[in-house]
Amino acid sequence: MMTTARRSLLVALSLAACAGHEPSPATSHPEGPPPPLAEWDGPNIPETAVKAFEALQASAYAQGEREARAALSRGELALQTFGLPAPCRERYARLLWHEHRIEHRALSNCAAVEELRAHGFNKVMEAEIERRFGTEALVVAARRAGCR
C-alpha cells in the first residue's frame, strides 16, 4: 500500500512536467516513452508503484500513436499542444490551418500522462506532415508566426 507521502510524490512528479511549461508551437517529443522512473535518484518509491506508473506512461504514449493513426485514416492532420500557450500559438495555428489544413488541438489537461499521449500523437502526425510538406514545414510555419 502506498503512503500518502509517496502518493503525493508521484502526483508531484506528474504535475512537475507542466510547471512553468510553455511549449513551442513547433512541437518536440521524445523518441519513445521516458526512461524508467527507477533510474530517478529520488526518495525510495515502492517497485510496484514504479512499475504501475511506467506502464501507465507507455500506455498513454501508445494510445496517442493509435489516435493519430485513426485520425490520419479519417483524412485529418492535427497537432496537439499542452501547458501554457506560447504567445504566438494563435498565429501558428491559423498559419498551419490556412496553408496545410493542419488542425491545432490544445489540450486542457496538463498532466504528465496526457503530455505523453500528446507526444505519441504528434510523433505520428509530424512524420506524416514531413512526408507531405517537407521536413521544414513546421519550422518554417513557426518562424513565420514569430515563434522562433
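Modeller: Before we start, axes here are lines fitted to C-alpha atoms, for helices over the stretch in contact, and angles run from 0 to 180 degrees between N-to-C directions.

Biologist: Fine. What sort of model is it, and how are residues numbered?

Modeller: It is a predicted model, with local features needing pLDDT of at least 70, side-chain atom pairs counting only at pLDDT 80 or more, and totals for chains, interfaces and linings using all residues. Residues are numbered from 1 along each chain as its sequence is written, and side-chain values use heavy atoms, leaving out hydrogens and water.

Biologist: How many helices and strands?

Modeller: The protein has 5 helices and 2 strands. These are DSSP runs numbered from the N terminus: helices are H or I, at least four residues, and strands are E, at least two. The order is α-α-β-α-β-α-α.

Biologist: At what angle do α3 and α5 pack?

Modeller: About 130°, with the axes 9 Å apart. That makes α3 oblique to α5 (oblique is what remains after under 35 degrees, roughly parallel, over 145, roughly antiparallel, and 65 to 115, roughly perpendicular).

Biologist: Which residues make the contact?

Modeller: From α3, Tyr92, Leu95, Leu96, Glu99 and His100; from α5, Ala137, Leu138, Ala141, Ala142 and Arg144. Contact means heavy atoms within 4.5 Å.

Biologist: New topic. How much of the protein is buried?

Modeller: 39% of its 148 residues. Buried means under 20% relative accessible area, with a 1.4 Å probe and protein chains only.

Key. Buried < 20%, exposed > 50% of the residue type's maximum accessible area, 1.4 Å probe, protein only.
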